2 protein chains.
Amino acid sequence: MPKLWNDSIETHRRAVREATIDATAELIAEHGLLSVTMSQIAERAGIGRATLYKYFPDLKSVLDAWHERQITTHLDQLAQARDHASHPDQRLRTVLQTYARITRHPRGHHDSELAALMHRGEHVTRAQQHLHAMIRDLAAEAAQAGEIRDDIAPDELAIYCLHALTAASSLPDEPAVDRLVEITLAGLKPLRRPHP
Amino acid sequence: MPKLWNDSIETHRRAVREATIDATAELIAEHGLLSVTMSQIAERAGIGRATLYKYFPDLKSVLDAWHERQITTHLDQLAQARDHASHPDQRLRTVLQTYARITRHPRGHHDSELAALMHRGEHVTRAQQHLHAMIRDLAAEAAQAGEIRDDIAPDELAIYCLHALTAASSLPDEPAVDRLVEITLAGLKPLRRPHP
């Protein structure tokens, strides 16, 4: 087959996939993760059920694809937040704040049991490693600039930050989340050196 | 039936229950949560399978009883740690440290999937509320003594502490856990007031 034909098949495939995931995201936002069905997804995406099953063998595979895209979106948000700030201290703060807000509003994760199941899987592990590395590097940078303590490995500081910020999911509103970020950052402050 | 007879039946029942849970705890420590069977438990407890099934209808009910006892033991450990310290700052510190160490070594919880399942259920919710209330009260006490910040509700400080300390399960050794407790407490420090 000519290359142009292959490209256009590939483009078409990607479009159907994206439309399916868009439809799934809408349905999850409207009705929650547990009540979405393959028939609803096909209808919302404007494709036949047979076509849908050609792309995704079952509901789990659609949900996985949706979840993977969510995670990618979140990682992109974090990278953007990081790249918009210039000062090391600001970079760490803005990424932690963005992460805490995402943690408080993980769209579609109303059903904690299913959410727990989705939070396994290889793409989640990869994303967690990516996130950990991002925070660790920002912590190392801020420590080098003397803005956070440098007597504890950035690796450990990142583990602390990521766990502390999961508290966001238990908080009632955004000001509380901002206070959580403030407390978490306060934990990283350099120790006051005795005066010479 | 005379009261004495009733008492002795009750004592016997409790002894069989305790022996069963002891046996279960041993088997879990030796082989992990997933490989324990009803036959092994009966054998180790020195009772017949029929007797075991009279007390516990299935494996899940034994594991639940074991887990509930574990939680009670941990809450007792925390209350003891609290009551051994006298100064508000010390009380909060020692309870957080004890909690972090328990979190790092939850005996028997090698199997994360099953652990996730065990961590639902009413007795777990009750224990979490109890734990939250304990940390919240200690935070309130320490805030009143001027040792931690008093501009954020003790409720929120407790949520922060408990989430931050779950990081202990990702840490390699006890010194790292101690550093985590130190960082977490540093997050609570009162803001420095401007000099008059």
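**From one residue to the pair of chains**

Thr72(B) counts as partly exposed because its relative accessibility is 40%, where buried means under 20% relative accessible area, exposed over 50% and partly exposed in between (1.4 Å probe, protein chains only). Before going further, please note that this is a predicted model, in which local features need pLDDT of at least 70 and side-chain atom pairs count only at pLDDT 80 or more, while totals for chains, interfaces and linings use all residues. Residues are numbered from 1 along each chain as its sequence is written, chains are lettered from A and ligands numbered from 1 in the order in which they are written, and side-chain values use heavy atoms, with hydrogens and water left out.

Thr72(B) sits in helix α4 of chain B, which covers residues 59-84; helices (H or I, at least four residues) and strands (E, at least two) are DSSP runs, numbered from the N terminus.

Now turn to chain A. Its secondary structure consists of 9 helices and 0 strands. Of its 196 residues, 42% are buried. Among contacts in chain A (heavy atoms within 4.5 Å) with a separation of 6 or more, 67% join residues 24 or more positions apart.

How do the two chains relate?

Next, look at where the chains meet. Chain A gives 26 residues to the contact and chain B gives 26 residues. The copies meet through the same surface, because 100% of the interface residues of chain A are also interface residues in chain B. About 2,200 Å² is buried between the chains, 62% of it on carbon and sulfur atoms; this is the accessible area (1.4 Å probe) that two parts lose on being put together, summed over both.

There are 4 salt bridges between chain A and chain B, each a side-chain nitrogen of Lys or Arg within 4 Å of a carboxyl oxygen of Asp or Glu. One salt bridge joins the side chains of Glu156(B) and Arg179(A) (2.7 Å, N to O). On the side of chain A that touches chain B, the elements giving two or more residues are α6 (112-118), α8 (154-165) and α9 (174-186). The largest share, 7 residues, comes from α9(A).
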